[in-house]
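Welcome, and please open the model in your viewer. We will go from one selection to the next and see what is there.

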Amino acid sequence: MQISALILLSCLTSGALSQNLVLTNDDGWAVAQIRAQNDALKAAGFNVVLSAPAENESGTGSSSATPKPLSQACEFNTCPTGSPAEGFNASDTRLNYVNSFPVDAVRFGIQTLSPMFFGSGPDFVVSGPNVGTNLGSGITGSGTVGAACEAALEGVPSIAVSATSNSQVSFTTLTTNPTSTSTLASLLYAQLATTLTTALISPSSRPILPSGITLNVNFPSTSGCASASDFKFVLTRLVSNSSATDVQTCGSTHLPVETTVVGNSGCFASISVINASTKKDVDAATQGFVLDRIGSLLSCFTS
């Protein structure tokens with residue numbers, strides 16, 4: 001089954017909203033967190049198409065392969081064995097899977113789905129929220145980060161979002177168990193990622209982010225942080241480097257390390273500015289661009 005005229009009809013009949021987003025992840029198209037994120041972005045007024053792996057592809061970094069028909073059912077049996085390499089939800093054609101790696105899924109979203117639904121490429125890519133954090137030098141193995149980096153390298157500004165609390169559960173739990181810890185965490189993380197996305201996109205000036213740059217975002221546990229208002233965003237760096245001079249903020253030219261910030265008990269979320277090619281920290285000027293853009297959202301870290 002190919003992407004059909006049904007999708008094109010959906011595109012033509014849907015209202016054109018102010019910003020066009022591709023949503024992806026590495027945990028798979030049917031996990032609770034990505035569906036909660038999809039709902040939150042749509043509720044905020046974004047025009048969203050979801051393009052994510054058919055199965056859990058965590059830990060695959062920037063791997064890439066030609067998508068193939070399903071040799072087994074999609075995760076949580078959301079599509080049967082033998083389904084095509086790319087497919088969509090029959091009741092919502094903006095929910096798409098790709099039977100390959102996260103990089104291939106986001107590429108499909110940018111190159112194929114976006115022109116179909118939006119008439120052009122997307123304005124922004126949100127990758128995640130991931131089930132589990134992606135911190136420090138270990139981000140090289142993250143499919144969530146890999147997908148965000150792929151978007152940035154294709155010229156689309158992006159963020160990779162990861163979260164401490166939660167588990168690999170089906171999107172159906174959002175409705176069948178709406179008060180579960182997993183559901184509440186999914187909804188909270190989705191709200192936080194939407195707040196950050198809005199802050200990045202809202203200023204009319206462009207570019208949203210410098211070319212070839214993405215943001216690595218990590219949320220702490222929801223234990224003791226029950227509402228979005230409890231959280232504070234902090235500008236961080238991936239790894240400690242005493243010889244590096246970071247952008248000056250909060251009275252220092254040394255940004256806190258994201259592992260320290262997220263591991264603290266104060267409901268702090270980290271935002272690290274990274275090079276999409278190397279997946280490493282960037283210079284002070286590039287950090288400064290992000291600081292200038294979302295400075296009103298940021299707080300100083302206090303241990």
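Which glycine takes a positive phi just after H4? Select glycine 155: its phi is about 90°. Keep in mind throughout that this is a predicted model.

**Helix H4.** Now select residues 143-153, which form helix H4. Is this helix mostly covered or mostly open? It is mostly covered, with ten of its eleven residues buried. Among the buried ones are Gly143, Thr144, Val145, Cys149 and Glu150. At the start of H4, zoom in on serine 142: one of its side-chain oxygens comes to within 3.2 Å of the backbone nitrogen of threonine 144.

**Around H4.** Next, show what the buried residues of H4 pack against. You will find helix H3 (102-118) along with several strands, including S1 (20-24), S5 (124-131) and S6 (158-163). Strands S7 (213-219) and S9 (268-275) are partners too.

**The cores.** Select Leu200, Leu215 and Phe219, the residues that touch the most other members of the largest nonpolar core, which has 51 residues. Then colour helix H6 (residues 181-201), which gives the most to this core, with eight residues. A second, separate core holds 14 residues, among them Phe108, Ile110, Phe118 and Val125.

**Phenylalanine 219.** Return to this side chain and list its contacts beyond four places in sequence: they include Thr133, Val161, Tyr189, Leu192, Phe233, Val262 and Ala269.

Notes: Residues are numbered from 1 along each chain as its sequence is written. This is a predicted model: local features need pLDDT of at least 70, side-chain atom pairs count only at pLDDT 80 or more; totals for chains, interfaces and linings use all residues. Side-chain values use heavy atoms; hydrogens and water are left out. A nonpolar core is a set of buried Ala, Val, Leu, Ile, Met, Phe, Trp, Tyr and Cys residues joined through side-chain atoms within 4.5 Å. Buried means under 20% relative accessible area, exposed over 50%, partly exposed in between (1.4 Å probe, protein chains only). Helices (H or I, at least four residues) and strands (E, at least two) are DSSP runs, numbered from the N terminus. Contact means heavy atoms within 4.5 Å. A polar contact is a pair of N or O atoms within 3.5 Å; within protein, one must be able to donate a hydrogen and the other to accept it, and residues adjacent in sequence count only if both atoms are side-chain atoms.
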